[in-house]
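Here's a quick briefing to read with the model open beside you.

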Amino acid sequence: MKSSKVRFSQDTKKENEEITLEPDVAAKLYEDGGFFIIKDLPVGTEFGIDMNSWNTGSKFLGVKMIPAGLHFIYYSPVSKEGSLAPRRGFFHNFTPGQVLVRKYDPLTEELLEDISEEETDRLRTNLKNIDGNLGPYPYQSWKKWISLSNRITSSSLARLQPKCGPTICSATEVATHENVEGLPVAPPDPTTCINYTSLAKQKYPTGAGPADITRHCMDTTYKLGLFIAHHETIEEILVELQFSFLCFLVGQNFDSFCQWKHLVAMLCGCGEALLKYPQLFLNFISDMHFQMQEVPEDFFVDIVSCNNFLVTSLTDLFANIKENEGALTQLKTRAISFENHLTKKFGWSFDDEADDEFAPVIVY
């Protein structure tokens, strides 16, 4: 495999440089790790697993020594003219020593599971002979991947994946119902969409009085409560935060960026919930810290800074924690540390007045 440009943070670029594993470590990984074998993939395809991507050569057959657990495999086929197709990918939980085989279909550009058990067994017994055609999993980046995906369980994955199958595409349903002049607006196919939890648009309960409307518009705890009511555990909001982040960062799925953005804004706008769910917000800040390490250098210029939503949301979070006398000391300390880190890394200031668009609604 020929390495392509890594599209993540500067820190990740440095850590993704090839390292040499000790022989005993490599042997252990080979014995316990998984194998992903892909047949008939076009030469020059951009192929990746987790935080690493390459352009494939003529001898490429897949990846070996994959640590057990959840991983995201993705690819962008290349045409005869040299142009890359939209990215497609899927999550998979590898068990120790598992051999997963897929076959590329040039007509649909899908990775088919139509592989017989006999073929899989043949490839499993022939692993040593095709070893030179399998690229080793970049073990040095595994810990970072764990920090970004450790909350996503098998049950959560089953809930979130599109109903029609596990494939997540960068060409989302947003493109299918754009309002083109003279053409009818086609609704999205619900079976192809990621099953994110719908976030309530109304900020306050029906029948709320003026004082309650003002309170709920300044504090998103009510919206958080509606989200929690859809799930058995409160942790599912952090699961969706991780899942949506990975789907837009690695899967290049725009719908996922929108979900991540709304989840961040909702959590950052909470006041009362800081006292009710302190551990949730401790974990939220930790997860955001890891996510901010991996965003592309130009990410905030291209997407976020168009309305500066992230700085605005985090300004609310830090202010809510500072002003809440009952908030845990540990939460206050972690928030200050995260704020200082972001200021140093991105040069952001969190002391400015909020934009009018995000100002609270006062009802008289």
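Leaving aside residues up to four places away in sequence, Phe91 is in contact (heavy atoms within 4.5 Å) with Leu70, His71, Phe72, Trp145, Leu157, Gln161, Ile168, Phe243, Leu246 and Cys247. Keep in mind that this is a predicted model, where local features need pLDDT of at least 70, side-chain atom pairs count only at pLDDT 80 or more, and totals for chains, interfaces and linings use all residues. Numbering starts from 1 along each chain as its sequence is written, and side-chain values use heavy atoms, with hydrogens and water left out.

**The nonpolar cores**
- The largest nonpolar core has 75 residues, and Phe36, Phe91, Leu224, Phe243, Trp260, Phe281 and Leu314 touch the most other members.
- Helix H8 (residues 236-249) gives this core its largest share, ten residues.
- Another core, of twelve residues, lies apart from it and includes Tyr30, Met65, Ile115 and Ile130.
- A nonpolar core here is a set of buried Ala, Val, Leu, Ile, Met, Phe, Trp, Tyr and Cys residues joined through side-chain atoms within 4.5 Å; buried is under 20% relative accessible area, exposed is over 50% and partly exposed is in between, with a 1.4 Å probe and protein chains only.
- Helices (H or I, at least four residues) and strands (E, at least two) are DSSP runs, numbered from the N terminus.

**Around Ile168**
- Ile168 sits in strand E11 (residues 168-169) and is buried, with a relative accessible area of 2%.
- Not counting residues up to four places away in sequence, Ile168 touches Phe72, Arg87, Arg88, Gly89, Phe91, Pro162, Ile194, Phe243, Cys247 and Asn253.
- Ile168 and Asn253 are 85 residues apart along the chain, yet their C-alpha atoms are separated by 7.5 Å.

**The five-stranded sheet**
- The sheet is open, with mixed pairing, and its five strands run in the order E9-E8-E2-E5-E10; strands pair if DSSP finds at least two bridges between them.
- At the edges, strand E9 (110-112) and strand E10 (134-136) each pair on one side only.
- E5 (residues 62-66) runs parallel to E10, joined by three bridges, while E2 and E5 are antiparallel over three bridges.
- Val63 stands opposite Gly135 in E10, and Phe36 stands opposite Val63 in E5.
- Lys64 stands opposite Pro136 in E10.
- E5 is mostly covered, with five of its five residues buried.
- Helix H2 (residues 23-32) lies across strand E2 (34-39) and E5, at about 110 degrees to E5; axes are lines fitted to C-alpha atoms, for helices over the stretch in contact, and angles run from 0 to 180 degrees between N-to-C directions.
- Helix H3 (residues 117-125) also packs on the sheet, touching E2 and strand E8 (99-105), and its direction makes about 120 degrees with that of E8.

**H8 against H9**
- The axes of H8 and helix H9 (residues 254-268) come within 8 Å and cross at roughly 140 degrees.
- Among the H8 residues that meet H9 are Ile237, Leu241 and Phe248, and the H9 side includes Phe257, Trp260 and Leu263.

**Helix H11**
- H11 (residues 278-294) has 17 residues, which at 1.5 Å a residue should span 24 Å, and its end C-alpha atoms are 25 Å apart, which agrees; the expected span is 1.5 Å times one less than the number of residues.
- Twelve of the 17 residues of H11 are buried, so H11 is largely enclosed by the rest of the structure.
- Those buried residues include Leu280, Phe281, Asp287 and Glu294.
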